[in-house]
Amino acid sequence: MATYTLDPGAPDPLYLSFWRERHLCTLTTLRPDGSPHVVPVGVTYDPEARLARVITNKTSAKVGHVLAAGPDGARVAVCQVAGRRWATLEGRAHVRTEPGRVAEAERRYAERYERVPSPNPSRVVIEIEVTRALGRG
């Protein structure tokens with residue numbers, strides 16, 4: 001079986017380029033009963049910091065699932081696919097509400113998706129401490 005594991009802090013150029021293209025992604029969190037909750041999201045990836053970021057509303061189910069996991073964070077995965085190319089980032093997620101962190105996530109989102117997110121006073125960012133990167137960029 002082929003292995004498609006990469007160093008999440010130093011991915012190859014093709015993989016990183018794929019994460020810079022405009023693609024809809026999915027975020028998988030776990031519900032309290034352990035079943036997966038998969039939703040479409042926009043994701044940005046910062047390999048130097050080993051962080052993936054998802055901006056969202058603080059009342060969303062995904063935020064509730066991350067918070068329910070407790071202070072150690074929730075195990076999550078984000079994924080994108082385009083034809084034969086695919087990429088998954090796995091790690092521990094935490095909900096961040098600090099204005100500077102939310103602003104940085106919004107800036108990165110605007111850069112990747114080529115549109116400024118609409119104002120949302122209830123916006124938070126799910127930061128994922130990336131521990132594993134998989135795929136074929």
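Student: What percentage of the 137 residues of the protein chain counts as buried?

Tutor: The figure is 44%. The cut-off for buried is a relative accessible area under 20%. Keep in mind that this is a predicted model.

Student: Why is Cys25 called buried?

Tutor: Cys25 has a relative accessible area of 2%. Buried means under 20%. Therefore Cys25 counts as buried.

Student: What makes Cys79 partly exposed?

Tutor: The relative accessibility of Cys79 is 25%. Partly exposed covers the range between the buried limit of 20% and the exposed limit of 50%. Cys79 falls in that range, so the label is partly exposed.

Student: How many disulfides turn up in the whole structure?

Tutor: The search finds 0.

Student: Which residues touch Thr88, leaving out those up to four places away in sequence?

Tutor: Cys79 is one of them. A contact needs heavy atoms within 4.5 Å. Thr88 lies in strand E7, residues 85–96.

Student: Is Thr88 buried or exposed, and what decides the label?

Tutor: Thr88 has a relative accessible area of 11%. The limit for buried is under 20%. Therefore Thr88 is buried.

Student: Why is Gly100 given its accessibility label?

Tutor: The relative accessible area of Gly100 is 54%. Exposed means over 50%. So Gly100 is exposed. Gly100 belongs to helix H3, residues 99–113. From Gly70, Gly100 is 30 residues away in sequence and 23 Å away in space, C-alpha to C-alpha.

Student: What is noted about the phi of Glu114?

Tutor: Glu114 is not a glycine, yet its phi is positive, at about 55°. Glu114 sits in the loop between H3 and strand E8 (123–136). The relative accessible area of Glu114 is 69%, over the 50% limit, so Glu114 is exposed.

Student: How do you know whether the radius of gyration of the protein chain agrees with that of a compact globule?

Tutor: For 137 residues, a compact globule would have a radius near 14 Å. The protein chain has 14 Å, so the two agree. The C-alpha atoms fill a box of roughly 40 × 35 × 25 Å along the principal axes.

Student: What elements make up the protein chain, and in which order?

Tutor: There are 3 helices and 8 strands. The order from the N terminus is β-α-β-β-β-β-α-β-β-α-β.

Student: What share of the contacts with a separation of 6 or more comes from residues 24 or more positions apart?

Tutor: Such pairs account for 71% in the protein chain.

Technical notes. Residues are numbered from 1 along each chain as its sequence is written. This is a predicted model: local features need pLDDT of at least 70, side-chain atom pairs count only at pLDDT 80 or more; totals for chains, interfaces and linings use all residues. Side-chain values use heavy atoms; hydrogens and water are left out. Helices (H or I, at least four residues) and strands (E, at least two) are DSSP runs, numbered from the N terminus. The radius of gyration is taken over C-alpha atoms; the globule rule is 2.2 Å times the number of residues to the power 0.38. Buried means under 20% relative accessible area, exposed over 50%, partly exposed in between (1.4 Å probe, protein chains only). A disulfide is a pair of cysteine sulfur atoms within 2.5 Å.
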